[in-house]
Amino acid sequence: MFDQRTTPYAALIMRLALGILFLAHFSLKFFAFTPAGTAKFFASLGLPGWLAYITMAVELVGAIALILGIYARIVAIVLIPILLGAIFTVHGPAGFFFTNPNGGWEFPAFWIVGLLTLALTGDGKFALKPTPVKG
């Protein structure tokens with residue numbers, strides 16, 4: 001059972017929180033590590049450096065789409081591979097707890113749960129372009 005009066009607001013809060021998190025994650029790569037530094041880090045993991053630029057673009061566009069509510073349910077699903085990549089390349093080998101050196105996979109996994117919750121719940125209140133749903 002869910003409350004149809006408050007669920008759209010809960011989805012709005014989830015959508016905004018996830019969008020802000022992705023915006024912060026992008027900003028860290030762009031302003032602190034720099035795009036070139038992020039590309040070098042990706043290369044140090046055995047990934048192609050150019051994948052860093054795609055990852056950053058997906059994070060930025062995804063963050064904006066979530067915050068504005070533009071096809072948020074689809075965007076939430078599209079962003080999950082970014083976090084799976086972070087788990088499998090960086091955070092997974094560090095163990096479960098995010099307080100471990102290099103951060104464990106606890107937080108990115110929980111972030112995925114939030115994205116799945118948003119995808120299942122809906123776009124939320126004040127979405128500029130709600131995801132079309134066939135019912």
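**Notebook: aromatic rings in a predicted model**

I started with the rings and counted eight aromatic pairs. A reminder to myself: this is a predicted model.

Entry one, Tyr9 and Phe126. I found these two rings paired edge-to-face, with 6.4 Å from centre to centre and 70° between the planes. The angle is over 60 degrees, so the label edge-to-face applies. I then checked where the partners sit: Tyr9 belongs to helix 1 (residues 7-32), while Phe126 lies in the segment after helix 5 (106-121). They are 117 residues apart, so this pair links distant parts of the chain. Next I looked up accessibility. Tyr9 is partly exposed at 39%, whereas Phe126 is exposed at 60%.

Entry two, Phe26 and Phe30. This pair is stacked, with centres 5.4 Å apart and 25° between the planes. Why are they about one helical turn apart? Because both are in helix 1, four residues from each other. Phe26 is buried, with a relative accessible area of 10%, but Phe30 is partly exposed at 36%.

I noted one aromatic cluster made up of Phe22, Phe98, Phe107 and Trp111. Back at Phe126, I saw the charged end of Lys125 over the ring, 6.0 Å from its centre.

Entry four, the record. In an unreviewed entry, UniProt lists residues 12-30, 50-71, 78-98 and 110-128 under "transmembrane region". I looked at two of these spans in the model. Residues 12-30 are 100% helix and 0% strand, with end C-alpha atoms 26 Å apart. Residues 78-98 come out at 67% helix and 0% strand, and their end C-alpha atoms lie 23 Å apart.

Notes
Residues numbered from 1 in each chain as written. Predicted model: local features only at pLDDT ≥ 70, side-chain atom pairs only at ≥ 80, totals over all residues. Heavy atoms only, no water. UniProt positions renumbered as here; feature names shortened; annotations may be inferred. Helix = DSSP H or I, 4+ residues; strand = E, 2+ residues; numbered from the N terminus. Phe/Tyr/Trp six-rings, centres within 6.5 Å; stacked < 30°, edge-to-face > 60°. Buried < 20%, exposed > 50% of the residue type's maximum accessible area, 1.4 Å probe, protein only. Lys NZ or Arg CZ within 6 Å of the ring centre and 35° of its normal.
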